[in-house]
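Let's walk through this structure together, beginning with a point about the backbone and ending with an open space. Keep the sequence and the 3D view side by side as you read.

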Amino acid sequence: MSLEGFVEYKRREFCNDVKCPVQMELNRLDVGSDAYEGVRQTCSANCRYTAWQFHHWLMEKGYLILKPKGLGGK
């Protein structure tokens, strides 16, 4: 869901921007292949970057994190 005048974060934008070696390998492989899925497991189980790094990258790039009211928001 996009808000008018804003763009949403694109999947793996951070990974590609920081040139994560795991993402660079994924970019060379065919999506859905056994090799791709094997390398992709590193992202979910053993990411090389921290939430702090990701969050600060988002701020540097001008992203906002929004949460709709009614879903735990006030």
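Arg-12 sits in the segment before α1, where helices are DSSP runs of H or I with at least four residues, strands are runs of E with at least two, and both are numbered from the N terminus. This is a predicted model, in which local features need pLDDT of at least 70 and side-chain atom pairs pLDDT 80 or more, while totals for chains, interfaces and linings use all residues. Residues are numbered from 1 along each chain as its sequence is written, and side-chain values use heavy atoms, without hydrogens and water.

Most residues other than glycine have a negative phi. Arg-12, however, has a positive phi near 65 degrees. Lys-19, in the loop between α1 and α2 (21-28), also is not a glycine and has a positive phi of about 55 degrees.

Is each of these residues buried or exposed? Arg-12 counts as buried because its relative accessibility is 14%, whereas Lys-19 is exposed at 57% (buried is under 20% relative accessible area, exposed over 50%, partly exposed in between, with a 1.4 Å probe and protein chains only).

A pocket here is an open set of points on a 1 Å grid where a 1.4 Å probe fits, with protein on both sides within 12 Å along at least five of seven lines, and lining residues have an atom within 4 Å of a point. The second largest pocket holds about 180 Å³ of space, a volume being the space filled by probe spheres set on the points.
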